[in-house]
Amino acid sequence: MRIRIVDAFTDRPFAGNPAGVLLLDAFPADDWLQKVALEVNHAETAFAHRLPEGGEADWALRWFTPATEVAMCGHATLATAHVLRTTGAHEGPVRFATRSGVLIAAQADDGAVTLDFPTAPLTAVDIPDGVAGALGAEPRTAYDTGVNVGDLVVELADEKTVRGLAPDHKALAAYSARGIIATARADDPARGYDFVSRCFFPNVGIDEDPVTGSAHTALAPYWSERLGRAGLTGLQASARSGLVRTELRGDRTLLTGHAVTVIEGDLLVRENRVGNE
């Protein structure tokens, strides 16, 4: 089986968010998928197989962190769409059957991929006691993002505060199902982005995710309401960094970014040999 490592939400290698991508004939046992994701050891590894023609989706898609399967992942979906096009496995828009419903990815002539994802439902909540200490900064607001995303969004004072965070990752695990999205308005929108974020997901084995598509299904409605525009650009200010263009369309959010394949090779261990090697 061919395995690829793709940097997503970037147009250059060694930036954005790396994802493993495997195209399969069918899904093997869950424990095998989890072992492969742990071996790849990136934020997510995507596993996809073609579905019969005539259905509501073209490919089945699942995502695993090194620790668990997740309900939604933007960057690994973008990476999978990129692999399908660059290898010739699929032409035109692709419909993925996932735990979050059917997700559509369309690729432009310049290689940019646009994902059509469900918008996260935001619910204002009280700022939890202790979250400021765990995060290392005082939030202004806090919002729950619903079951598909499973995060707590907190707005901080400014971009500098977001960039300077050095949180207690173990302590952050107490405040949401997946983790914390810290965000602030961009200090200077002339630099090409409207808001910044950083994402910490200790409950799925990821201290800090480099660039998180699913988080932007919550950040898009949050900042669109505040900035008065449906179309925005978010910078995820991790060490690798990446840009996500967002467009809010009611209960759907479009996420656009580029991807670059950086590694391609053979996965030599198949399912029925895992226990012996």
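Q: What does buried mean here, in terms of relative accessible area?
A: A residue counts as buried when its relative accessible area is under 20%. The model is a predicted one.

Q: Is phenylalanine 64 buried or exposed?
A: Phenylalanine 64 has 2% relative accessibility, so it counts as buried.

Q: And phenylalanine 47, buried or exposed?
A: Phenylalanine 47 is buried, because its relative accessibility is 0%.

Q: How many aromatic pairs does the structure hold?
A: There are four aromatic pairs in the structure. One of them joins phenylalanine 47 and phenylalanine 64 in an edge-to-face arrangement, with 5.8 Å centre to centre and 80° between the planes.

Q: Which parts does that pair tie together?
A: Phenylalanine 47 belongs to strand S3 (residues 44-50) and phenylalanine 64 to strand S4 (residues 59-64), so the pair links parts that are 17 residues apart in sequence.

Q: Why is the pair of tyrosine 222 and tryptophan 223 edge-to-face?
A: The planes of tyrosine 222 and tryptophan 223 stand at 85°, with the ring centres 5.2 Å apart, so the pair is edge-to-face. The angle cut-off for that class is over 60 degrees.

Q: Are those two buried or exposed?
A: Tyrosine 222 counts as buried at 1% relative accessibility, and tryptophan 223 is buried at 0%.

Q: Which residues form the aromatic cluster?
A: Tyr143, Phe195, Tyr222 and Trp223 form one aromatic cluster.

Q: Changing topic to charges: what sits over the ring of tyrosine 222?
A: The charged end of arginine 226 does, at 3.5 Å from the ring centre.

Q: Where does arginine 178 lie?
A: Arginine 178 is placed over the face of phenylalanine 201, 4.0 Å from the centre of the ring.

Conventions. Residues are numbered from 1 along each chain as its sequence is written. This is a predicted model: local features need pLDDT of at least 70, side-chain atom pairs count only at pLDDT 80 or more; totals for chains, interfaces and linings use all residues. Side-chain values use heavy atoms; hydrogens and water are left out. Rings of Phe, Tyr and Trp (its six-membered ring) pair if their centres lie within 6.5 Å; planes under 30 degrees apart count as stacked, over 60 as edge-to-face and the rest as tilted. Helices (H or I, at least four residues) and strands (E, at least two) are DSSP runs, numbered from the N terminus. Buried means under 20% relative accessible area, exposed over 50%, partly exposed in between (1.4 Å probe, protein chains only). A charge sits over a ring if NZ of Lys or CZ of Arg is within 6 Å of the ring centre and within 35 degrees of the ring normal.
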